[in-house]
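Open the model in your viewer and keep the selection panel at hand. Each stop below says what to select and what is there.

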There are 2 protein chains.
Amino acid sequence: MFTGLSAFPLTPMNEQGIQENAFIRSVEHLAGAGVDSIGVLGSTGSYAYLSCKERARIARLSVENAGGVPVILGIGALRTRDVLANAESAQQAGASGVLLAPVSYQNLTDDEVFDLYATVCHSLSVPLCVYDNPGTTHFTFSDELHGRIAHLPQVRSIKIPPVVSDIDVARERIVRLRMLIPSDVTIGISGDPAAATGLNAGCDAWYSVIGGLYPQAALALTRAAQAGDVQQAEALSVALEPIWALYREYGGSLRVAATIAEVTGKVSQPCLPQPLKTLQGNDRKRVAQVVEQLGLAFEVKS
Amino acid sequence: MFTGLSAFPLTPMNEQGIQENAFIRSVEHLAGAGVDSIGVLGSTGSYAYLSCKERARIARLSVENAGGVPVILGIGALRTRDVLANAESAQQAGASGVLLAPVSYQNLTDDEVFDLYATVCHSLSVPLCVYDNPGTTHFTFSDELHGRIAHLPQVRSIKIPPVVSDIDVARERIVRLRMLIPSDVTIGISGDPAAATGLNAGCDAWYSVIGGLYPQAALALTRAAQAGDVQQAEALSVALEPIWALYREYGGSLRVAATIAEVTGKVSQPCLPQPLKTLQGNDRKRVAQVVEQLGLAFEVKS
């Protein structure tokens, strides 16, 4: 399950609640496209902004509408108590796996993070993916800590931040991490612009934001890399460079993905929880132009 | 209200709930000591780890037991919806003011932060203190943004991060900020080790962690600075240097303050929400030694 393309849909919402119909449509779209798994309530799914109760509801809706495609549910929260509640609701909903980031307000120590994973793994009956995302959690894993956590029961994957663009350096980084973790723990790349390099450098999975909107484009890149066609994977990433440029310009993937979903009519506007906002004015027009230019508007309606 | 010593108590808790009796005792202790205000549910009060319902309960308990001393309640949350709910419960409880930090998971833009404050101020009938704490929120205010926000209705104070130790540089920093904000908006220093320099450099208030445990020591320092006795304020800070050294060594004030509260019997162990932990082993012994050495154990029992 923690291999190939894991597509991360948005959880569209406004101040009144979750746009459930739009969410269900996106889950159905991803399942129909044949992604390897659906990563619900990741950072792209705005998990940190929802209550435990709302997350339990999203868990049920996603598994019910995924048509048997494995659903991986984000269970991270500031407090261990809430992480355990989210783990319980994810399992009750029928999640195939869970994704856990060490979310912080006060900075966390290595021992605190290890004990968080140990506590959660102790109560878990489905596999877990360690979510390493220093940009949002402000916690930096050492390789040594990854090694300790990867040996806990239930841990089966690590979602790593972007690798550098030099493929040889990226490959060394994956090999170094691989030496510290059990052989049944996969490594998945995140940060869409680094996906082709990451897969070509030996990552087993792509935890993908753009795959949550355009699964066919992300699948083509993933399958090329899986077939060993390094150049084709790289070429398909280069073709998406206008999207990656938007990510760089607008401080990450979430606001860009959410704006694309709004301008293509996949969700109602607004779709992000306040205080977050999608792009407006000229920034929004630029996003619409990129979608048009790449001919992505068609896939989104399929 | 946003002047002098604002003392920030812990909110002692464990995985079963809040240690309400210990919390009430600490509020009574602060009120009895004559602090100028009590800053409940600040970072020291672990606000980010509690539900809106728990925060409403703490709001009521604090005002009911503060004996008329103004209570400032932290209302920050990742989501504007929850901030508004916390503001409402704080006002219903009878808070004299509120404290709002731009808590983030996804990085926030200046416009998002401004709109957060504008939305909250619009619905508020008590004064607000802007809580600038980049170490926990990972949002950095520009002076220009401080100026814009300080002109919103209800904004009456800014809680700034530590100033540098050079008093002239600190004074320049305060003067520069003061020029951008209305004259009825006070500036309060946080980061206990910088308190004496901050007050001596012209800050109106000290938002104090150690004051939540040892109000007499913090009041003495504050009153010296308010009386213009720069050297006495500095000397009282130097006397507390062993505490500041613990803050530096253990990544901030929270774990040190919580460990002090545990070793002096003010709270039951554990008192922090998991995954956070107080100091253990030799680190804990060092904290106990510092408390003993400074003769602070007496004040805590009063």
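**Stop 1: a surface loop**

Select A:M179, in the loop between α7 (167-178) and β9 (186-189) of chain A. Helices (H or I, at least four residues) and strands (E, at least two) are DSSP runs, numbered from the N terminus. This is a predicted model: local features need pLDDT of at least 70, and side-chain atom pairs count only at pLDDT 80 or more, while totals for chains, interfaces and linings use all residues. Residues are numbered from 1 along each chain as its sequence is written, chains are lettered from A and ligands numbered from 1 in the order in which they are written, and side-chain values use heavy atoms, with hydrogens and water left out.

Is A:M179 buried or exposed? A:M179 counts as exposed, at 70% relative accessibility. Buried means under 20% relative accessible area, exposed over 50%, and partly exposed in between (1.4 Å probe, protein chains only).

With A:M179 they form a nonpolar surface patch, with about 310 Å² of accessible area together. Patch residues have over 30% relative accessible area and no salt bridge; like charges are joined within 9 Å, nonpolar side chains (Val, Leu, Ile, Met, Phe, Trp, Tyr) within 5 Å. Areas come from the Shrake-Rupley method with a 1.4 Å probe; for residues, only the protein chains shown count as cover.

**Stop 2: the barrel of chain A**

Switch to cartoon. In chain A, eight strands close into a barrel, in the order β1-β4-β5-β6-β7-β8-β9-β10, with parallel pairing. Neighbouring strands of this sheet are turned by 25° against each other on average, direction ignored. Axes are lines fitted to C-alpha atoms, for helices over the stretch in contact; angles run from 0 to 180 degrees between N-to-C directions.

Zoom to β6 (residues 97-100) and β7 (residues 128-131) of chain A. They pair in the parallel sense over three bridges. Two strands pair if DSSP finds at least two bridges between them. A:L99 stands opposite A:C129 in β7(A).

Now show helix α6 (residues 143-150) of chain A. It lies across β7 and β8 (155-160) of chain A, at about 155° to β8(A). Contact here means heavy atoms within 4.5 Å.

**Stop 3: strands of chain B**

Select β8 (residues 155-160) of chain B. Five of its six residues are buried, so the strand is largely enclosed by the rest of the structure. Four bridges join β7 (residues 128-131) of chain B to β8(B), in parallel. Another four join β8(B) to β9 (residues 186-189) of chain B, also in parallel.

Move to β1 (residues 4-7) of chain B. Four bridges join β1(B) to β10 (residues 205-208) of chain B, in parallel. There, B:L5 has B:W206 as its bridge partner. Two bridges join β1(B) to β4 (residues 37-40) of chain B, again in parallel. B:S6 is partnered with B:S37 in β4(B).

**Stop 4: a covered helix**

Select α12 (residues 254-263) of chain B. How many of its 10 residues are buried? Nine are, and the helix is mostly covered. The cover includes α4 (110-122) of chain A, together with α11 (241-249) and α13 (281-293) of chain B. Just after α12(B), B:G265 takes a positive phi of about 75°.

**Stop 5: salt bridges**

A salt bridge is a side-chain nitrogen of Lys or Arg within 4 Å of a carboxyl oxygen of Asp or Glu.

- Select A:R57 and A:E20. Their side chains meet in a salt bridge (2.7 Å, N to O). A:R57 lies in α2 (residues 52-65) and A:E20 in α1 (residues 20-33) of chain A, so the pair ties together parts that are 37 residues apart in sequence.
- Select A:R223 and A:D36. The closest N and O atoms of this salt bridge are 3.0 Å apart. The pair links α9 (residues 215-226) to the loop between α1 and β4 (37-40) of chain A, 187 residues apart.
- Select A:R171 and A:D168. Their salt bridge has its closest N and O atoms 3.3 Å apart. Both residues lie in α7 of chain A, three residues apart, about one turn of the helix.
- Finish with A:E54, B:R81 and B:D82. Salt bridges that share partners join them into one network.
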